[in-house]
Amino acid sequence: MDFDKSKLPTHSSAIDANVSTPGAVSRLPGFYELPIRERVALIGRAAHLTDGELSKLNQFGALNGELADVFIENAIGTYSLPLGVATNFLVNGIDVLVPMAVEETSVLAAASHGAKLARLGGGFFTSASEPIMTGQIQLFITEQCDWQEILTTHKSKLLEWANRGHDSLIARGGGARDLDWHFIKEMNALVLHLYIDTRDAMGANIVNTMCERVSGILPEILPCEIGLRILSNLTDRRTAKAECVVPAKAFDSAEFRGDQVVDRIVKAYQFAFYDMHRAATNNKGIMNGIDPVLIATGNDWRAVEAGIHAFAAKSGRYLPLAVWSKTPEGDLHGEINVPMAVGIVGGVTKLHPTAQIALKLMGSPNASKLAQIIVATGLAQNLSALRALASEGIQRGHMGLHQKNLEMLHRSIDRNPVVHTTARVGASRT
Ligand code: MEV
């Protein structure tokens, strides 16, 4: 059914006047206060959207308009992505379905193929660190003092202060655990790192609240001015690791012997190790596996992206995120160990109905298990890409799927304007 613009409620004349003033359409005072349908009507007029376009904005999918409005400000609709399930994943001996929300052809097929190869060697073996987040408090010392001595003396008081008011986190086994500091002499700034166990939460709010709280008492113990107080997305104390071994014979094909492919994959890894341009593309391939699971489960993929790329450059040189080597038996060994700050409680994860379903598909993991499945998916994706690149090349499989999807799309449009999913072609290959 098409959306009828004329049935929309009227909106404030101030905004209306603004919209009718050429060049003023981005100045919309009070826009955020309007009900979502009124915002849509207003934007529709300003951007000359057709009834058909407006009706697309008014389809909220699993996320109703009310939730869209709760999640963000100025909401006018939702943006749909295909949601698929990567198959063949065996993680620590347990079968797992991996939900992935992504627009790119061949990502699901590649993840499933990588998992199928890893399965031949027993699947992925994973582990994770404790969920320790890092908060930063920047200080400027205003008078000469022995700040090392002062901070050492007051450390336990500061940690106790950080934990005040977080009884439920502490009851769940979390809380502020440790504190250390370093000096940035170039800007005369002292930086405190507060390490907080946020359990099943990603924890950004907990960390930021604790940093602000601790900064409140710092001037009482130190002559200082407070600078920034914010979490670090380089969560290098909250990491997850996955490993796999693929028997060389799994790579046998009409064109290549398995042992040749193993050698070529190891060389492909070395290429990324020595060449930053290749490392970026290699790591993009790993994020092809990681981001879609983060999105499907309602996690903050920008935070994980930032953390992972900073981690990749921690040595001073941007490096590939996964390491591939040949075992003494001649098989392929892969390993990834990266920051992975994800949660299953709080925020979007809890409220988004599809994120809830995605978690259920995975067997309702806790945050640690989720982090482990995510890094295993990144490793599977990298394995699949490197296998293709090191043998027949990426285009045969990728373009094959892409072309088939396009053909199916055109056939489907010819028959019926309601287009059926194109993801079926990719999934059927794995
Ligand atoms: C494409 O989305 C990802 C790849 O470029 C990754 C890689 O080159 O390793 C295939």
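Glutamate 130 counts as partly exposed at 48% relative accessibility, where partly exposed denotes the range between buried, under 20% relative accessible area, and exposed, over 50% (1.4 Å probe, protein chains only). Its place is in the loop between strand S3 (125-128) and strand S4 (132-141); helices (H or I, at least four residues) and strands (E, at least two) are DSSP runs, numbered from the N terminus. Glutamate 130 and serine 368 are 238 residues apart in sequence, while 7.9 Å separates them in space, C-alpha to C-alpha.

This is a predicted model, in which local features need pLDDT of at least 70 and side-chain atom pairs count only at pLDDT 80 or more, whereas totals for chains, interfaces and linings use all residues. Residues are numbered from 1 along each chain as its sequence is written, and side-chain values use heavy atoms, with hydrogens and water left out.

**The ligand and its surroundings**

The ligand sits in the second largest pocket. A pocket is found on a 1 Å grid over the protein atoms alone, as an open set of points where a 1.4 Å probe fits, with protein on both sides within 12 Å along at least five of seven lines. A molecule sits in a pocket if more than half of its atoms lie within 2 Å of its grid points. Helix H10 (276-296) and helix H14 (367-390) are the elements that give two or more residues to the shell around the ligand. The largest share, six residues, comes from H10.

Which residues surround the ligand? They are Glu104, Arg278, Thr281, Asn282, Lys284, Gly285, Asn288, Ala385, Leu389 and Ile394; a residue is near a molecule if one of its heavy atoms lies within 4 Å of it. A polar contact is a pair of N or O atoms within 3.5 Å.

Asparagine 382 counts as buried because its relative accessibility is 2%. The side chains of asparagine 382 and tryptophan 324 are joined by a polar contact of 2.8 Å; within protein, one atom of such a pair must be able to donate a hydrogen and the other to accept it, and residues adjacent in sequence count only if both atoms are side-chain atoms.

**Helix H5**

Helix H5 (residues 107-119) has 13 residues and reaches 18 Å from its first C-alpha to its last, close to the 18 Å expected at 1.5 Å a residue. The expected span is 1.5 Å times one less than the number of residues. Buried residues of H5 are Val107, Ala109, Ala110, Ala111, Ser112, Gly114, Ala115, Leu117 and Ala118. An α-helix has 3.6 residues a turn, so residues three or four places apart point the same way.

**Positive phi angles**

Most residues other than glycine have a negative phi. Asparagine 88, although not a glycine, has a positive phi of about 75 degrees. Asparagine 88 is found in strand S1 (residues 83-91) and is partly exposed, with a relative accessible area of 22%. Arginine 199 likewise has a positive phi, near 50 degrees, in a residue other than glycine. The loop between strand S6 (189-197) and helix H8 (204-221) contains arginine 199, which counts as partly exposed at 25% relative accessibility.

**Pairs separated along the chain**

Helix H6 (residues 147-163) is the place of lysine 157, a partly exposed residue with a relative accessible area of 43%. Lysine 157 and valine 214 are 57 residues apart in sequence and 9.7 Å apart in space, C-alpha to C-alpha. Arginine 213 belongs to helix H8 and counts as partly exposed at 30% relative accessibility. Between arginine 213 and tryptophan 161, 52 residues apart in sequence, the C-alpha distance is 7.5 Å.

Proline 35 is found in the loop between helix H1 (13-20) and helix H2 (36-46). At 44% relative accessibility, this proline counts as partly exposed. The C-alpha atoms of proline 35 and glutamate 66 are separated by 9.4 Å, with the two residues 31 residues apart along the chain.

Technical notes:
On a 1 Å grid over the protein atoms alone, a cavity is a set of points where a 1.4 Å probe fits but cannot get out, and a pocket is an open set with protein on both sides within 12 Å along at least five of seven lines; lining residues have an atom within 4 Å of a point.
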